[in-house]
Amino acid sequence: MAVRLLVIGSGGREHTLAWKLAQSPHIQQVLVAPGNAGTANCGKISNSEVSVSNHSILAQFCKEHSVGLVVVGPEVPLAAGEWHTSLSSPFHIQPSETVQVQRKCQVDRHHSSLPPPPPPPPGMVDDLQAAGVPCFGPSAKAAQLEASKSFSKAFMDRHGIPTANWCSFTDPQEACSYIRTASFPALVVKASGLAAGKGVIVAKDQEEACQAVLDIMKDKTFGSAGETVVVEELLEGEEVSCLCFSDGCSVSPMPPAQDHKRLQDGDLGPNTGGMGAYCPTPQVSQELLQQIRETVLQKTVDGMKEEGTPYVGVLYAGLMLTKQGLKVLEFNCRFGDPECQVLMPLLKSDLYEVLQSTLEGKLASSPPEWHQDRSAVTVVMASPGYPGSYKKGVAITGLSQVEETGVQVFHAGTSLKEGGVVSSGGRVLTVTAVRSSLEMALHAANRGVAAVGFPGAVYRRDIGHRGIAHLAQHRGLTYKDSGVDIAAGNRLVDMIKPFAKATSRSGCNAELGGFAGLFDLKAAGFIDPILVSGTDGVGTKLTIAQACQQHSTLGQDLVAMCVNDVLAQGAEPLFFLDYFSCGRLDVGVASAVIRGVAEACCLAGCALLGGETAEMPGVYGPGEYDLAGFCVGAVERGALLPRLGDICEGDLLIGVASSGVHSNGFSLVRKVLERAGVTYSSPAPFGKPGQTVGEVLLTPTKIYSRLLLPILSSGAIKAYAHITGGGLLENIPRVLPQELSVDLDASRWIIPPVFSWLQEEGGLCEEEMGRTFNCGLGAVLVVAFPDAQSVLRKLQAHEDAWIVGSLAHKQPGAEPVVIRNLKHSLRLGPSPCVVDLGPMQNGASQGDSSSTVPRKRTRVGVLISGTGTNLQALMEQTKRTSSSAEIVVVISNQPGVLGLKRASLAGIQTRVVDHKLYGSRAEFDGTIDHVLEEFDVEVVCLAGFMRILTGSFVRKWNGKLLNIHPSLLPSFKGVNAQKQALQAGARVSGCTVHFVAEEVDAGAIIAQEAVPVLMNDTEESLSDRIREAEHRAFPAALELVAGGGVRLGDDGRIIWNPNAQG
């Protein structure tokens, strides 16, 4: 069942947690309270205005809105308050003293005249769990590890956990006296309570340390958090953050991270809440991480359990790696900020599943998995003046463009104002990059920061500098240091060998690893062949794929551009070679690209015989790469195309549909996007609902070899033009005699909406469109008039194709190609259904000219609850070019059902509206209605939808809502219709498609199909035969309604339209 979550908090940490949780398939919605601009209406994520300070109201909200889990982000809601500050007697423990002595000092202190501390009041986790609301985070008692520095230090002493020399005070004079007389540098002053990560001052001398004490205790710099101060020994070494999940018994460490507290580069300037972090830290080896796990993390969880306070949640240990060994600086009881922003992108496991395993005590058997060989860097962008006073309301721009560069922007102190993002805090944004090395991640994050429009922003440029220096110091120079990773190249070859092997065909076995590839033409069946070669790339479509981090479709683009060229000579593509070049090899990206190449070779029928991977440091920027492809085909000498001597005036042109822009003209496309202010992540104003601009533009180029080779072999095709760079105007003349001209009629084929949008937004003239883009035709065939209909039928059995024009004698000075009605057709937009126009001669239609006006498809939404067999029948019908209907969304009230998978495989958008998550039928129906309106649905089909709809919903969709019932209505209404028919002794049953009315199974009947009841029929056998009839009747009825053949009159009766095209 899909779960609704609530994340408490408003910072970068909470945005990161919501972002990661929203990736889980278990999650329906992530609410964030109060949230920020980044968590406002972002996919599954949205903000909530529920009060987080009143725990009773919060618990009631969670119950009313079916919140399955609350995740507490910041420390304040976890803590119970400063209950520990009454302990005031200072004492000092030297590290040389044994654990036994340390414990005795603690006992002596508790036996002072001061009263024992009262138990802490419950925190948010305690209150919510007491109210029956599941909550992730430690109890208030367990959160004392962070809420009270003095409690934490005493706890470490009790359990032998290594830490610095320390003492706590409630009297500032005693604290200062201790600072001046201690036998070690007592220069670290901490407010004992919670101070939003800022309550630690590392002084350079005793005077500065004493001043810090006075500032905290007398001037109340950190408010009540400073009523008690802890003075600590100043430790020297490397500071790291080691976090873990704890289920109360076991711990599961996260990769070690390092925060950067100082404001300025070089670790200069004042302390802050954190100006950036990176992960993992190379300073922490696997052996050291295991030591930290055993001596700090597990020991802490064991100690809390021993003291009757099991620790469940995230435990954060701030450590110093000194020459004397590791020491704990402090504990936090939640994810760090900004450590969370580098940890979550490296988490391979489903975060929701990890949290559930933690709460259920299953960490030992289900530890989380982390991405290996990856580094993450996050850079904090702060307001000018931070950590002091700063201005709010500064406009921030360019965020979507930044994310298109492959980095993630997490919001902290932001809010929405008049539709834009403005600053509302000190730390405003965190820009996170994940790359194959620490240096690359830092470079990518800094590039992302530089691209954000945030005037006066304060940020560091050296996040991770200690880790980078450590790596440089601890290993000698290698070929890999120059930027060439031979091992990565070898891993890539091993990964792609199976892909290439799968492309084997007659003539070669596609084995990689040799110096050259071999192909046996005789084994492939050729007698007198001519070899044909072609080479191409994919142009600046690469830039879009790299920005969108979507690499798998480029392989098909590369293969298609080469194979379709070879096909223009009539040749069968035999084998393919690829060239992949980059600055630094990312094995994951390269393997995705080459796997796409191999899969495309299978589609084309050619073998992936070999390739080259070139790693060239300094030639390409981080994350950039280039592609080239080479295809060799063969054609028998007598079948070579084009047959220029056979092509003559009056021949017809058949256009075969493209999938969109294919792989040419993307420099112009990108310029139009820039001019229109549209980003790759923007919802596409063209394409299917729910698609982004990037997703539509990256639709792969069609490969035509398997479609066209059988028709080419028949001899009916005189020439074939691949519509590539140069568009329609320049490519068709390449296969024609010079004395002939082309007459195209753009009203005769479907122009995808992306071209209409590009023309309008770019202000492109007809000539520019025709010379740059394919405008919906990926291939144009030249056929004789008598062969046209036969060829067209063969094509239309597998692909959209149309007779689009004809050849004429070229007049002196005339253009070689004329495209009529292009501007009009671009403005009209696409038609998914075009009636049979009949053959053309010299560009004239033999039919009624009115038939050239395309029909618009009716947008259909289908509601299901199960396997979706009727849905499958409807989808198969609407796939036909003659259909008047288009299914745009499938909605299920049950998650995970087979019908949703059927729709997804068909490329149809799906939504789950789980009825169990709604308090009333009206609220459930309202949500479904909202989804239908989102997709501009015009007709709704109930295909096995097992919920009764409210009267208001039925009335709103009156005349647009279709249902199918397994009987010949009005007989046998309601459930168990087949059983009713058998019990009544009926000899005929069947199915009925009807408009839905408020009374069950009582709407006007659209279509029926009878099914005889056999003597030996069982309920199951009769149901099976009726189901087969449903699969015929439902699509037929949908066509009647979608095509206008049937409509519902105001009196509730059917009105027939015999002249409708449906």
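Mentor: Pro642 is placed in the loop that runs from strand S27 (625–636) to strand S28 (652–657). Helices (H or I, at least four residues) and strands (E, at least two) are DSSP runs, numbered from the N terminus. The model is predicted, with local features needing pLDDT of at least 70, side-chain atom pairs counted only at pLDDT 80 or more, and totals for chains, interfaces and linings using all residues. Residues are numbered from 1 along each chain as its sequence is written, and side-chain values use heavy atoms, with hydrogens and water left out.

The feature to note at this proline is the peptide bond from Leu641 to Pro642, which is cis, with omega near -5°. Most residues other than glycine have a negative phi, and most peptide bonds are trans. A cis bond also joins Cys279 and Pro280, where omega is about -5°. Pro280 belongs to the loop between strand S15 (276–279) and helix H9 (286–306).

Let us now follow the chain past S28. The loop between S28 and helix H19 (666–676) contains His662. His662 is not a glycine, yet its phi is positive, near 60°. Is His662 buried or exposed? Its relative accessibility is 2%, so His662 counts as buried; the term means under 20% relative accessible area, while exposed means over 50% and partly exposed lies in between (1.4 Å probe, protein chains only).

Because its relative accessible area is 11%, Asp1001 is buried.

One further loop, between strand S38 (909–912) and helix H29 (921–934), holds Asp914. With 0% relative accessibility, Asp914 is therefore counted as buried. A polar atom of the Asp914 side chain lies 3.0 Å from the backbone nitrogen of Lys916.

Finally, consider the whole chain around these loops. The protein chain has 32 helices and 44 strands. Of its 1062 residues, 54% are buried. The C-alpha atoms fill a box of roughly 110 × 80 × 55 Å, taken along the principal axes. Among contacts (heavy atoms within 4.5 Å) between residues at least 6 apart in sequence, 74% join residues at least 24 apart.

Conventions. Polar contact = N/O pair within 3.5 Å; in protein donor to acceptor, adjacent residues only side chain to side chain.
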